Amino acid sequence: MGPWKRIGDGEWVGTDASERFPIYTRGNAGEVYPEVYRPLSFSIAQEAGERAMRRAILTSGLIRPSEIEGIPLSTAIGSGVFGGYAYLNLSIQRLGAARVPGGSATDADASYLGAGDPPPHVPLPGERNIRASLAGMRYVWKISGAGSLPRLEQAQREVEAYLAGLPDVSEASDADLRDATFDDLLEQFAEWFEMHLVVSFGAGALMSLLTSICDKQLGDATIAVRLMSGIGDIDSAAPSSAMWSLGRRIRSSASLSAEFDRGIPGIWERIQVAAAHDADAAEFVEEFRAFIERFGARGPNEWDTAFDTWETDPELALTLIDRMRLTDESHAPDTQRARLAAEAAELEADALARLRWPARRLFMRVLRSARLHMQGRERAKTTVVRAIHGARLSAQELDRRLVARSGGTRGDLWYLIEPEVDAYAADPSSFAEVIAERRRVHAELAERIPPFYFEGELPPLEEWELRTDVLERVSVGDTITGLPGCAGIARGRARIVTDPGDPRGLEPGDVLVAPLTDPSWTPLFVPADAVVVDVGAVMSHAVIVSRELGIPCAVSVLNATRRIPDGAIIEVDGGAGTVTIIELPAPTDS
């Protein structure tokens, strides 16, 4: 059957579930791949990604090679695709967590899941393994003493060399574009993705250890998260500072403000035309082009070449800058970061004063490395995303050319798998019926919400919730409890945003309520007074960025986007992870 699996009344690409490691979750995986996987993206990334995941899982020694040897790459041991959606294998994460001395299998849930009701953990045969536990101890001790991340630095150099060697898409032949999209990227993608995973797993292990130290030695586990605030050099937060500068430029210019007041559609073309006779517009164009040069690989669903980024659709970035230009100076990212850094320094000094040697020495060792790995995790992600973006530019140009020949629709290329591409390039129109059927199945999958967990076998499609299903709405006085993301209390109007490219009038002082977030959402944190996210845990993007920008944040507030009405007045307590309903919006005529 190859990659095709039966789903509903059609077929879609997917992986096989593991019998030994049978529990899967959308936790964390949903932040990387929130949308339905296209067939082409699956055929490019899945096998290489699974290979990288398996190698990374073995790095700590907590999982022994013999436990996964011989299992086909089509079986999802690290991560997989089921019903078109990305899932993380929770069973193997729990197995590793169970082998950490003093830990338990469900510690993995705190890192990846947040709240919810996952399937209970059933100990696996051989779960307690002294050899693996000792290896894990040596691994954590080793990484806790790291002063640099040389593997990441090497990957950065390799990615820059890869990007420099890509063809000019305007001059490249179809064959060159195909090679750049597939062969050139896949040659090194697994190595780069493995690097990202190794750094991420290290960050998670160090945060778990730091949390344990703060809990046992200082009596407050939340100190660990607060010490990660305002550490600086977080790549996913960096675009916010650059966008803030662009927003200030608009705010100080009557002509630029007038252009943005006219609306976002067509704004980039209008400003470029105005730059010929308007100095403010000319300076904005120069600064925005520099921004795109540095951050153009970012955007919604940036891991998937099927989706536009800030470079391929500048209006995605300009929409976010438009929201930021309305915000007063109190929300400046650098100002907030400085405040948080000062608070974290004071908290660190207090902790050191309370700790005795050798606990003080261990605390500082782990804290320094945890910060390094947290910064490295975001930089590793940026590094891989930049490589993917290079392939995206080639793939989009190839798609444009083939659509022009076939009379098809932009994006048709992504409804094929890699072995079909050459035949499609030779005769694009011959795949019209195939692409139409796959678009139909894709639309059907996109209408539904995949189960957040499943064990053994994915439930039938007809049992999944529809995105249009109405849930019981909250009432005044209700409190929904999730998990703490970033401490602080804020009250404001809820703005339900499901797409960062359409922020639905988010204004300064509002509370951003989102289903999940990836780096493309980060600029929307700046005008908001607080952030509420349906899903998330201690290692989720929303938590990392809210800590960096000093915004109260509650994550794993289940179904917040579907239960809280847009326009409600809510109060967010980021330290407690709660959302309280203060006032509901007046009913509107339907």
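In this predicted model, arginine 493 is partly exposed, with a relative accessibility of 24%. The side chain of arginine 493 meets that of aspartate 510 in a salt bridge, at 2.8 Å from N to O. Arginine 493 sits in strand S11 (489-496), and aspartate 510 in the loop between S11 and strand S12 (511-514), so the bridge ties together parts 17 residues apart in sequence. Aspartate 510 is buried, at 4% relative accessibility.

The structure holds 46 salt bridges. Side chains of opposite charge can pair when their charged atoms come close. Aspartate 235 is buried, with a relative accessible area of 16%. Arginine 379 is partly exposed, at 21%.

Another bridge joins arginine 440 to glutamate 437, at 3.0 Å from N to O. Both residues lie in helix H18 (residues 432-446), three residues apart, or about one turn of the helix. Arginine 440 is partly exposed, at 32% relative accessible area. Glutamate 437 is also partly exposed, at 34%.

Helix packing was examined for H5 (residues 130-144) and H8 (residues 183-218). Their axes come within 10 Å and cross at roughly 95 degrees. H5 is therefore roughly perpendicular to H8. Tyr139, Val140, Ile143 and Ser144 of H5 meet residues of H8 including Val198, Phe201 and Leu209. The contact has eight nonpolar, two polar and no charged residues.

Conventions
Residues numbered from 1 in each chain as written. Predicted model: local features only at pLDDT ≥ 70, side-chain atom pairs only at ≥ 80, totals over all residues. Heavy atoms only, no water. Axes fitted to C-alpha atoms, helices over the stretch in contact; angles between N-to-C directions. Helix = DSSP H or I, 4+ residues; strand = E, 2+ residues; numbered from the N terminus. Parallel < 35°, antiparallel > 145°, perpendicular 65-115°, else oblique. Contact = heavy atoms within 4.5 Å. Nonpolar A, V, L, I, M, F, W, Y, C, P; charged D, E, K, R; others polar. Salt bridge = Lys/Arg side-chain N within 4 Å of Asp/Glu carboxyl O. Buried < 20%, exposed > 50% of the residue type's maximum accessible area, 1.4 Å probe, protein only.
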